[in-house]
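Dear colleague,

Please find the structure below, handed over for your own work. My notes on its cavities, helices and backbone follow it.

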Amino acid sequence: MVHAAVPAALSNHRFPRRHFDDLCAGLGSAEAVTELWQTQRSRRLLLINAVFDAAAGDDVLGPLPPVSTAWEALQRAEVAAPEAVAEILLHPQVGSWAAYTLRRYRKGVQGQASTPLWVDFGTLHAIALLAAARSGSTWRTRLSVRNGRVMLPGLGMATLPGVPRHTYVEAQAGPGEIRLRGADPAAAGFQIAVSSWADAATEAAGWWALRSLQVGEDPQLRVWLDDLDPFRDLADPVEPDRLSEPDVIRWHKLLDEAWALLCANDRGLAQAMAVGVTSLVPLPTVEGWGTRSASTGEAFGSVLVSQPFDAVTLAVALVHEFQHTKLGGLMHLGPLRNHDGDNLFHAPWRDDPRPLSGLLQGIYAFAGIAALWRDLRASVHSADRVGRRTADFEYAYTRRQVEAALRTAVESGDLTPWERNLMDRLAARVWAWLAETVPEESVRTAALLADSHRAGWRIRHTRAASADIRLMTDAWISGRKRALSARPAHVEPDAVGKQWSSRMAVLARRVVANPEAPSLKGIATEPPADADIALVRGNGVLARGRYMARLAANHEDFDAWVGLGLADDSCRALVERPELVRAVFSQLVERGLDPDPAALASWIGDALGL
């Protein structure tokens with residue numbers, strides 16, 4: 001327990017090699033994830049200990065009782081009910097709270113000056129109060145109020161009307177219950193039942209119980225449906241966003257169906273996930289984005305996701321974030337790398353340049369997604385033509401994304417031995433998948449979308465060398481035909497300002513599902529989508545003409561430049577070096593010329609030997 005006497009010799013965690021090797025390959029059994037939870041317990045205790053030390057060493061608790069009182073209550077509770085205390089401390093949002101509070105204490109957080117620091121540190125008393133109630137002991141304290149509310153992690157939230165935004169309440173723990181009362185003796189209070197799962201705490205006026213969902217039988221998944229905790233998001237504290245009862249029913253149905261898919265297609269994965277995922281945080285739906293998901297190593301076991309359209313999408317999101325959770329747990333055992341350096345790379349699933357550590361995280365997550373689609377395509381009924389086409393495409397696309405990213409990571413020359421072992425084990429699985437037969441149309445569409453993203457990323461985030469631009473501009477003007485070479489482009493992490501690749505990705509998926517009449521609902525109509533539809537359908541001649549028309553109207557239409565390269569093989573330079581073609585084109589225009597985009601791209605491709 002925190003602040004316990006230090007033994008003469010501290011022992012390290014010994015993580016079984018078989019579990020380590022499986023996790024490095026993107027796998028991992030329920031036993032391996034249980035081992036990760038054990039290491040997380042040690043990490044969480046160190047984190048909580050650091051918060052106690054900060055509170056004890058500085059005057060940060062304001063009107064709340066001294067931190068020593070919370071420590072003593074927590075220590076007594078652990079002696080009486082160690083498993084209950086461990087459950088409280090390992091609650092995912094407790095980890096997020098502790099990490100945030102330390103960052104703020106150490107001046108690593110901006111924009112929260114309106115909230116007193118003692119409000120954040122006050123969660124120490126809430127944790128101790130929960131522990132006292134769960135252990136059957138009696139204890140009194142005060143709890144901090146944030147924006148008129150009190151959060152009891154893993155239990156629920158009380159709303160106190162008429163109180164200042166940031167104040168405190170009197171709190172008392174008794175065997176199996178907690179009582180809260182405002183500073184005004186006439187104010188109404190709350191009596192809350194305390195159990196290991198919040199569904200035992202009934203709703204009441206001013207009290208929201210933290211809901212939980214339970215799906216499946218063997219294995220069974222039980223998760224918090226957390227729409228309350230201020231620390232359920234990735235960064236600063238957020239307000240509660242209470243789900244309506246119909247929304248809760250919808251989430252339960254989606255989770256039940258997604259869980260059935262996971263259990264049917266990869267029982268071992270489902271068993272591991274049943275151990276590793278304990279919290280589901282609904283994210284707001286954002287117009288123009290698909291299903292969003294996220295996770296953080298500080299909240300081990302928590303998955304953040306916006307409500308998806310269907311159960312398959314939720315299953316993919318769960319696997320995605322569970323992969324991040326497993327790799328994050330491994331990274332907590334030892335540093336994956338000491339620092340990233342200045343190099344940035346293309347990640348096939350991100351629109352922004354990524355450091356190597358971020359690229360490796362993505363490879364690990366998308367290897368898991370590719371494995372899921374591999375399983376799903378084998379289980380789709382042959383009569384479900386749309387489902388089969390979708391699964392074939394998604395498998396072809398994700399395995400291609402992972403293959404490309406693996407090659408980028410290995411060719412970076414900057415992998416540590418630990419990372420090289422990770423990449424080698426993942427590659428062994430991915431290279432085997434590449435030999436598997438997938439319908440030719442799915443492979444073609446996957447390659448088209450992958451090339452579109454890579455070229456779209458290059459034209460936005462890389463800059464050709466100035467000397468190369470001048471040399472090729474002069475050579476074009478002079479009419480010289482000779483072999484040229486180009487230096488590597490420089491990556492610039494410019495802010496894109498929007499999710500630029502979403503339209504092509506959504507459109508490609510809709511053409512896959514309905515080749516004859518893809519839906520354009522929700523897709524921006526400017527510029528017109530007809531060129532992209534022709535491209536995805538395989539009509540390169542029609543697509544080429546329409547992209548040329550778009551470029552004639554707007555030379556800054558990045559997607560038209562890339563589309564031209566994808567539609568016309570003679571313009572391949574626009575796929576491999578689009579930033580160079582566009583830069584030379586701009587130089588020629590500045591000199592008063594009006595070059596043909598396709599002719600210029602073909603000429604540069606010939607000069608570079610592409």
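**Cavities**

The largest cavity has a lining of 22 residues, and Thr123, Arg146, Val150, Met151 and Pro230 are the ones nearest its centre. A cavity here is a set of points on a 1 Å grid, laid over the protein atoms alone, where a 1.4 Å probe fits but cannot get out, and lining residues have an atom within 4 Å of a point. The model is a predicted one, in which local features need pLDDT of at least 70 and side-chain atom pairs count only at pLDDT 80 or more, while totals for chains, interfaces and linings use all residues. Residues are numbered from 1 along each chain as its sequence is written, and side-chain values use heavy atoms, with hydrogens and water left out.

The volume of the largest cavity is about 240 Å³, a volume being the space filled by probe spheres set on the points, with grid points joined across faces, edges and corners. Its lining takes at least two residues from each of α5 (92-105), α7 (123-135), β1 (139-146) and β2 (149-152). Helices (H or I, at least four residues) and strands (E, at least two) are DSSP runs, numbered from the N terminus. By class, the lining of the largest cavity holds 13 nonpolar, five polar and four charged residues. In this division Ala, Val, Leu, Ile, Met, Phe, Trp, Tyr, Cys and Pro are nonpolar, Asp, Glu, Lys and Arg are charged, and the others, Gly among them, are polar.

Ten residues line it, with Arg41, Leu45, Val85, Ala86 and Leu89 nearest its centre. Two or more lining residues come from each of α2 (30-57) and α4 (82-89), and α4 contributes the most, with four. This second lining consists of seven nonpolar and three charged residues, with no polar ones. In total, three cavities of 30 Å³ or more were found.

**Helices**

Helix α13 (residues 417-434) has 18 residues, which should span 26 Å at 1.5 Å a residue; the end C-alpha atoms are 25 Å apart, in agreement with that value. The expected span is 1.5 Å times one less than the number of residues. A bend of about 25° occurs in α13 at Ala427, where the bend is the angle between axes fitted to the seven residues ending there and the seven starting there. The buried residues of α13 are Glu419, Leu422, Met423, Leu426, Ala427, Arg429, Val430 and Trp433; buried means under 20% relative accessible area, exposed over 50%, and partly exposed in between (1.4 Å probe, protein chains only). Among the elements covering these buried residues are α1 (17-24), α10 (311-333), α11 (356-379) and α12 (385-411).

Arg407 belongs to helix α12 and is partly exposed, at 40% relative accessible area. Its C-alpha atom is separated by 9.5 Å from that of Met423, 16 residues apart along the chain.

Helix α19 (residues 558-567) is largely enclosed by the rest of the structure, because eight of its ten residues are buried. The buried residues of α19 pack against α14 (440-461), α17 (530-537), α18 (540-553), α20 (573-576), α21 (578-590) and α22 (597-608).

Helix α21, with 13 residues, reaches 18 Å from its first C-alpha to its last, close to the 18 Å expected. Its buried residues pack against α14, β13 (462-463), α15 (466-478), α19, α20 and α22. After α21 comes Gly592, with a positive phi near 85°.

Val275 is in helix α9 (residues 267-276) and, at 27% relative accessibility, counts as partly exposed. Leaving aside neighbours within four places in sequence, Val275 is in contact (heavy atoms within 4.5 Å) with Ala30, Val33, Thr34 and Trp37.

**Backbone**

The peptide bond from Asp218 to Pro219 is cis, with omega near 5°, and Pro219 sits in the loop between β8 (211-215) and β9 (221-225). Lys107, although not a glycine, has a positive phi of about 65°; Lys107 lies in the loop between α5 and α6 (117-121) and is exposed, at 70% relative accessibility. Asn147, also not a glycine, has a positive phi of about 50° and lies in the loop between β1 and β2.

With kind regards

Methods. 1 Å grid on protein atoms, 1.4 Å probe; cavity = no way out; pocket = protein on both sides within 12 Å on 5 of 7 lines; lining within 4 Å.
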